[in-house]
Amino acid sequence: MAGNSYIYVEEVQRRANVRKEARRKGQNFETAPLDPEIEKVAVQLNDDAGPLKNIPSLANPNAMLMEQTRLQNCEIAQPQTANLAHQIFGGFLMRRAFDLAYATTYLFAGCRPRFMEVDQVAFTMPVSVGDLTNFQSQIVYANVHDTITDFHLYQGQANVPIISVEVQAWVVQPAISSAKLSNKFVYTFAVDGGTEIRKILPGNMEQARKMATHLANRGITG
């Protein structure tokens, strides 16, 4: 048992190091050039989505566009979840984002998922009491893995789907037609081995870069 625990810790650390290095190279693709390898993967992903975007009746019926997985939830920030500076606790925002990510995965897979890990947390600007906050989710990665070595609940199972969901929290001000990104989270879930899921493809190059960056962060080359 001790040996298995050691292997588990080593694998988790290896994946963390891979994601850290990949994020250093390519996480800010909105404002800086991507690593050439990530850009190459993004171009291929965008090409793969071509039939689905242009001739959907002839495209792979087991594939769908990333944007088709979107969900959203709006709410007013309440004072009972704020600190002394009247700003909403980050943990509360993470929980709200997690709930939406869980629902997104549940609707996509058709069965209750199990949480694996948080892949990304980015706090851009605070949310204040009274702010209208719009949480938006979409699946950025979905694939079936032959085996899972770093999640004990699925050890021994084959063909385990792994699904990653990005959730963005926007502070919206309708009176002045303003919407600003406040937070971004990526949560990863797994569902029971043998569950059939669709392949997720990007709808444009921006989504393709997002997906390729996530693949690199998870140490997946393709």
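This is a predicted model: local features need pLDDT of at least 70, side-chain atom pairs count only at pLDDT 80 or more; totals for chains, interfaces and linings use all residues.
# Notebook: helices, cores and pairings

I began at the start of α5, where a side-chain oxygen of Asn204 reaches to within 3.2 Å of the backbone nitrogen of Glu206.

**Entry 1, Asn204.** I looked up where this residue sits, and found Asn204 in the loop between β7 (199-201) and α5 (205-217). Its relative accessible area is 31%, and I therefore wrote it down as partly exposed, since that class runs between 20% and 50%. Leaving aside neighbours within four places in sequence, I found Asn204 in contact with Asn46 and Lys53. I also checked Asn204 against Glu67, and these two are 137 residues apart in sequence while their C-alpha atoms are 9.8 Å apart in space.

Is α5 mostly covered, or mostly uncovered? I found it mostly covered, with 10 of its 13 residues buried; among them are Gln207, Met211, His214 and Asn217. After α5 comes Gly219, and I noted that its phi is positive, near 75°.

I then turned to α4 (residues 90-109), which has 20 residues and reaches 28 Å from its first C-alpha to its last, close to the 28 Å expected at 1.5 Å a residue. The buried residues of α4 include Leu93, Ala97, Phe98, Leu100 and Phe108. Just after α4, I found that Gly110 takes a positive phi of about 85°.

Which residues touch the most other members of the largest nonpolar core? I found that they are Phe108 and Ile200, in a core of 43 residues. Looking at where this core comes from, I listed α2 (36-48), α4, β4 (132-145), β5 (160-173), β6 (178-190) and α5, each of which supplies at least two of its residues.

**Entry 5, salt bridges.** I reminded myself that side chains of opposite charge can pair when their charged atoms come close. Searching the whole structure gave five salt bridges, and I looked into several of them.

- Glu75 forms a salt bridge with Arg96, with the closest N and O atoms 2.9 Å apart. This pair links distant parts of the chain, since Glu75 is in strand β2 (residues 71-76) and Arg96 in helix α4, 21 residues apart. Arg96 has a relative accessible area of 30%, so I recorded it as partly exposed.
- Asp192 forms a salt bridge with Arg114, and here the closest N and O atoms are 3.1 Å apart. Asp192 is in the loop between β6 and β7 and Arg114 in strand β3 (residues 114-123), 78 residues apart. I recorded Asp192 as partly exposed, with a relative accessible area of 37%, and Arg114 also counts as partly exposed, at 37% relative accessibility.
- The side chains of Lys210 and Glu166 meet in a salt bridge at 3.2 Å, N to O. Lys210 lies in helix α5 and Glu166 in strand β5, so the pair ties together parts that are 44 residues apart in sequence. Are Lys210 and Glu166 buried or exposed? I found that both are buried.

**Entry 6, aromatic pairs.** My count of aromatic pairs came to 10. The ring centres of Phe98 and Tyr102 are 6.3 Å apart and their planes are at 40°, so I wrote this pair down as tilted. Phe98 and Tyr102 are four residues apart in helix α4, and so they are separated by about one helical turn. Phe98 and Phe189 form an aromatic pair that is tilted too, with 5.7 Å centre to centre and 40° between the planes. Because Phe98 lies in helix α4 and Phe189 in strand β6, this pair ties together parts that are 91 residues apart in sequence. Phe98 and Phe189 are both buried, whereas Tyr102 counts as partly exposed, at 22% relative accessibility. Last, I found one aromatic cluster formed by Phe98, Tyr102, Tyr106, Phe115, Phe123, Phe185, Tyr187 and Phe189.

Conventions. Residues are numbered from 1 along each chain as its sequence is written. Side-chain values use heavy atoms; hydrogens and water are left out. Buried means under 20% relative accessible area, exposed over 50%, partly exposed in between (1.4 Å probe, protein chains only). Contact means heavy atoms within 4.5 Å. The expected span of a helix is 1.5 Å times one less than its number of residues. A nonpolar core is a set of buried Ala, Val, Leu, Ile, Met, Phe, Trp, Tyr and Cys residues joined through side-chain atoms within 4.5 Å. A salt bridge is a side-chain nitrogen of Lys or Arg within 4 Å of a carboxyl oxygen of Asp or Glu. Rings of Phe, Tyr and Trp (its six-membered ring) pair if their centres lie within 6.5 Å; planes under 30 degrees apart count as stacked, over 60 as edge-to-face and the rest as tilted. A polar contact is a pair of N or O atoms within 3.5 Å; within protein, one must be able to donate a hydrogen and the other to accept it, and residues adjacent in sequence count only if both atoms are side-chain atoms.
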